[in-house]
Amino acid sequence: MDEFSPHLFFSLKRYAHQALWQDGKPVWSALQELDRYFAQIKEHRIEITIPPGVYLDRPELISIGRGTILEPGVYIQGPCILGKECVVRHGAYLRDMVICGDRCAIGHSAEIKHSILLDQANATHFTYVGDSILGNRVNLGAGVKCANLRLDRSEVSVSTQSGKVKTGLRKMGAILGDGSQIGCNCVLNPGTLIGPETLCPALTSLSGTLAPKTKIKASCTWTAHPSTDLKA
């Protein structure tokens, strides 16, 4: 599983929740750890004043860091962790099992479900992020969808040049390495792995595994099977 090591996708040194990834396990294993991770938290803390119009479902299972801004109309369902100095804009819906690092931005009418955002990750307006991981400084343009369920409802696999690797997950969206930028109205199909610093234009449908610093030059349907692993 070395080709799927978390360290090929993210810098975790400063991330408060790096314990989600265990040595020797693939990058998507953190999604399988969310239940256990939340279960071991003995006390949640909300360090801001919740403004009128924000609804917290199970607030005893929600942590919100200092300096975070919640606009009216936000709905947050616990368990959930929001770091420091985040912005969650009007109409955003954070379903259970969401972890955000510091200085993240979640836009108007965005929906985040069972996902992990590293520091300074942005999921802007009208996005859907399901069972996915966004690395440091990742930006999703308006309308990006991280699809998390196959049409046949079968187990999600990750496609590589050497074949398909089973994830053990029935629901898994996309994993985006640090600094990747995804243009407006793209679809990231279940099990898509995107290496760091990848640039993707608007209106692209992505599948497979993209090597670091991939630059897709035009909108397309892109199924990537790189000739080498993510170290390339």
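Is E155 buried, partly exposed or exposed? I looked up its relative accessibility first: at 31%, E155 counts as partly exposed, where buried means under 20% relative accessible area, exposed over 50%, and partly exposed in between (1.4 Å probe, protein chains only).

**Entry 1. Basis of the notes.** I worked from a predicted model, in which local features need pLDDT of at least 70, side-chain atom pairs count only at pLDDT 80 or more, and totals for chains, interfaces and linings use all residues. Residues are numbered from 1 along each chain as its sequence is written, and side-chain values use heavy atoms, with hydrogens and water left out.

**Entry 2. E155.** I placed E155 in the loop between β16 (145-146) and β17 (156-160); helices (H or I, at least four residues) and strands (E, at least two) are DSSP runs, numbered from the N terminus. I then listed its contacts (heavy atoms within 4.5 Å). Leaving aside neighbours within four places in sequence, E155 is in contact with R150, K166, T167, G168, L169 and R170. I also checked polar contacts, that is, pairs of N or O atoms within 3.5 Å; within protein, one must be able to donate a hydrogen and the other to accept it, and residues adjacent in sequence count only if both atoms are side-chain atoms. The side chain of E155 reaches the backbone nitrogen of G168 at 2.6 Å and that of T167 at 3.3 Å. From E155 to G191 I noted 9.8 Å, C-alpha to C-alpha, with the two 36 residues apart in sequence.

**Entry 3. β17 and β18.** I found four of the five residues of β17 buried. β17 and β18 pair in the antiparallel sense over five bridges; strands pair if DSSP finds at least two bridges between them. The two strands form a hairpin with two residues between them. For S159 I recorded K164 in β18 as the bridge partner.

**Entry 4. Helix α1.** Which residues of α1 (residues 29-39) are buried? I listed S29, A30, L31, E33, L34, Y37 and F38. Seen down the axis of α1, these fall within an arc of 165°, so they line one face of the helix; the arc is that of the directions from the helix axis to the C-beta atoms. The buried residues of α1 pack against β5 (80-82), β8 (98-100), β11 (115-117), β14 (133-134) and β18 (163-169).

**Entry 5. H17.** I located H17 in the segment before α1. H17 counts as buried because its relative accessibility is 10%. Not counting residues up to four places away in sequence, H17 touches Y37, I81, I99 and C100.
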